Protein chains: 2
Amino acid sequence: MNDRVAVSIEPGEPRRVRPPRRVNDVAVNLAHGSGGRAMRDLIEDVFVSAFDNPTLAALEDQAVFALADLAARGDRLAFTTDSYVVDPLFFPGGDIGTLAVSGTVNDLAVCGATPLYLSCAVVIEEGLAVDVLRRVAASMQRIALEAGVAIVTGDTKVVERGCADKLFVNTAGIGVVRRDVSISARNARPGDVVIVNGFLGDHGAAILVARQQLALDADIKSDCCPLNGLIAAMLDVCPRIHCLRDATRGGVATVLNEFAQSSRVRIRLDETALPLREPVQGACEILGLDPLYLANEGKLVAVVPADAAQQVLTAMRAHPAGREAAVIGTVEACDEGAEEGLVVMQTTFGGQRIVDMLVGEQLPRIC
Amino acid sequence: MNDRVAVSIEPGEPRRVRPPRRVNDVAVNLAHGSGGRAMRDLIEDVFVSAFDNPTLAALEDQAVFALADLAARGDRLAFTTDSYVVDPLFFPGGDIGTLAVSGTVNDLAVCGATPLYLSCAVVIEEGLAVDVLRRVAASMQRIALEAGVAIVTGDTKVVERGCADKLFVNTAGIGVVRRDVSISARNARPGDVVIVNGFLGDHGAAILVARQQLALDADIKSDCCPLNGLIAAMLDVCPRIHCLRDATRGGVATVLNEFAQSSRVRIRLDETALPLREPVQGACEILGLDPLYLANEGKLVAVVPADAAQQVLTAMRAHPAGREAAVIGTVEACDEGAEEGLVVMQTTFGGQRIVDMLVGEQLPRIC
């Protein structure tokens, strides 16, 4: 008996005994995107083996689930997509794979959804090492397990050398929104409190370090992580969270501007309350960057009713992804005739300045 | 009163009166992928205005739907994704936009799902003309309307010049599977009949012509189109369709090999029955290509019980996407000890040959 060949027999549906296909090529070539045998081998070797679930392994062109199982978790379906083009592929604290799963999980979680299923579509530049793909797939699966989601359907395209930069990953995701939750950028109300779950700008700074645009010895790592566990803990103590969004490209400043504009309120930040790591702050000063605009990949901004703020903060600080949670500002009404949708910062030196939306490009290909 | 400014007031939720934002740049630059104001303007100008639905227009990071509305259409959810990297972006009979919507609609429809919602994630090369994006978005919306789906969520990334080839589009899709349907590549049974809905290889040949790899005056157009209407008509007369797949990369030959292997049967094709346009056949002969492996973007392969074949054919021929539907083969049992999963073709000259899976790359970036 050959113990290297795993055979799984489903009742009533005997499968052919076949050793798992293995890609012998060191690098991806155009045949791996052809739709033929080479593509199937690459998918089985790299993705099916890493993501390890029967829905994907069936290699149908779509994943199918019982609606009744979804309805048991809530009353609304959430659907989102993101492409990841980060450069470099690997950076301190993560890689394009950890990013692709965390980012899409977080986009589902911030509307109050329990993330359930993800897709994975890759565009590969001819010549990419197959081992790079294997590492990225392993990262994706590690975060998927941490977040409790399954990667159930996918697509593989290969383009000629010079027609893409190594690897782009798209993940779409579906989840089910909890019954008692109603979160929207339009829900901020005067008197509400603005909370973040920890240090700002770590991801943006880590990418700068990885690109060697910044010669720093400091230990700066991306904060890339799934936030659905933290958000579930917050919603458990306060289903009435008004606004919630992860602060990725454009940073916390952009999220707050979107909340202020959509809710037609003014948001006042307290500069002394912003949680910043010393090396990130230092890097920003050297480069003339504002940490409020730096990308995060494991940070959320929440707007909650003032009477629930302490409970939410306590719940957040009890979770590994929320230990440094802090109140950073408050929501105010707009005076009659005053400009709506502004974000204003009370500075360390007692002045105040307007925190506008990001204009122009701060860092390309940050995620 | 300024009649160029459209104001939509929802009951109880007055919106700010704001002229629609318009991108003034001729070409996309890195700021359009920054997460800031330039990105928002591009999204509003190009995508929100083209796709024209309130879910997308809310610009939340995810689309949300009532599960009850989905459950009214069936009992299972289908979820799929595909990236499109076709070169050139525009070709006779379609473009990357028509492809991106048709392809994902078809991947949902072939499992018996009614396609409902699509995402649209673009990776844009810096320097792409904004007007090219507008044309692609318009094509996507035209096919979405034809197929009865809405594009409800999206993502925009921009990479530096030379780091992508003009434009890649990913669409993920969700649909609901009809209650009475059970389609799988494993369901082919001896005695079943193999049907296609029309001429083979048109898309692959059209891309060759568009790349000017083939100097032909012949009028060859891509067959790119959504097949969900045709498939609904087929399922109405025969909910018991055994296997169904669209024959894209790898062509009809690859789909049949997947059916034969998954169902552990042999499939016998009749070469004289293959529907081929004269110019496509001519082009294949000149270039040494086999039309059975050429990509299609509006062709399906169905395996149906013999007693339902005539009904299915009649229903197909009554639909614009199935006028040239034809029986091209039959399913046979494997003799004891014989190799499983083979596709065999009875040739025009009375011989027979094995039609294997595509090995190697026939045409890169066909979709």
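This is a predicted model: local features need pLDDT of at least 70, side-chain atom pairs count only at pLDDT 80 or more; totals for chains, interfaces and linings use all residues.
Helices (H or I, at least four residues) and strands (E, at least two) are taken here as DSSP runs and are numbered from the N terminus.

The peptide bond between D87(B) and P88(B) is cis, with omega at about 5°. Now move to the other chain and select P88(A), whose place is in the loop between β2 (76–84) and β3 (90–91) of chain A. Here too there is a cis peptide bond, joining D87(A) and P88(A), and its omega is about 5°. As background for this stop and for a later one, most peptide bonds are trans, and most residues other than glycine have a negative phi.

**Second stop: the two chains together**

Zoom out until both chains are in view. Two copies of a chain are related by a rotation about an axis and a shift along it. In this model, chain B is superposed on chain A by a rotation of 180° with 0.0 Å of shift along the axis, at an RMSD of 0.0 Å. That is the relation of a two-fold axis. To find where the axis runs, select A164(B), which among the residues of chain B comes closest to the rotation axis, its C-alpha lying at 2.0 Å. The same surface serves both copies, since 100% of the contact residues of chain B recur in chain A.

Two packed helices are described by the angle between their axes and the distance between the axes. Select helix α4 (residues 96–109) and helix α5 (residues 130–147) of chain A, which pack at an angle of about 30° with their axes 7 Å apart. The crossing in which α4(A) passes α5(A) is right-handed. To see the contact itself, display side chains in α4(A), including I96(A), V101(A) and V105(A), together with their counterparts in α5(A), among them V136(A), M140(A) and I143(A). The residues of this contact divide into 9 nonpolar, 4 polar and 1 charged.

Next select helix α7 (residues 228–237) and helix α10 (residues 309–317) of chain A, whose axes come within 9 Å and cross at roughly 150°. The crossing of α7(A) and α10(A) is right-handed. From α7(A), L230(A), A233(A), M234(A) and V237(A) meet Q311(A), V312(A), A315(A) and M316(A) of α10(A). By type, the residues of this contact divide into 7 nonpolar, 1 polar and no charged.

Select L200(A) in the loop between β8 (193–196) and α6 of chain A. With a relative accessible area of 1%, L200(A) is buried, as buried here means under 20%. Apart from its neighbours within four places in sequence, L200(A) is in contact with residues that include V252(A), L274(A), L276(A), V280(A) and L292(A).

Finish by selecting P364(A), in the segment after β14 of chain A. Although P364(A) and V85(A) are 279 residues apart in sequence, their C-alpha atoms are 9.5 Å apart in space. Leaving aside neighbours within four places in sequence, P364(A) is in contact with R211(A) and also with L30(B). R365(A) is likewise found in the segment after β14 (352–354) of chain A, and its phi is near 55°, a positive value in a residue other than glycine. At 5% relative accessibility, R365(A) counts as buried. For another positive phi, select R264(B), where the value is near 55°, in the loop between α8 (251–263) and β10 (266–270) of chain B. R264(B) counts as partly exposed, at 35% relative accessibility.

Methods
Residues are numbered from 1 along each chain as its sequence is written. Chains are lettered from A and ligands numbered from 1 in the order in which they are written. Side-chain values use heavy atoms; hydrogens and water are left out. Axes are lines fitted to C-alpha atoms, for helices over the stretch in contact, and angles run from 0 to 180 degrees between N-to-C directions. A crossing is left-handed if the near helix is turned anticlockwise from the far one by less than a right angle, and right-handed if clockwise. Contact means heavy atoms within 4.5 Å. Ala, Val, Leu, Ile, Met, Phe, Trp, Tyr, Cys and Pro count as nonpolar, Asp, Glu, Lys and Arg as charged, and the others, Gly among them, as polar. Copies are superposed by least squares on the C-alpha atoms of residues with pLDDT of at least 70 in both. Buried means under 20% relative accessible area, exposed over 50%, partly exposed in between (1.4 Å probe, protein chains only).
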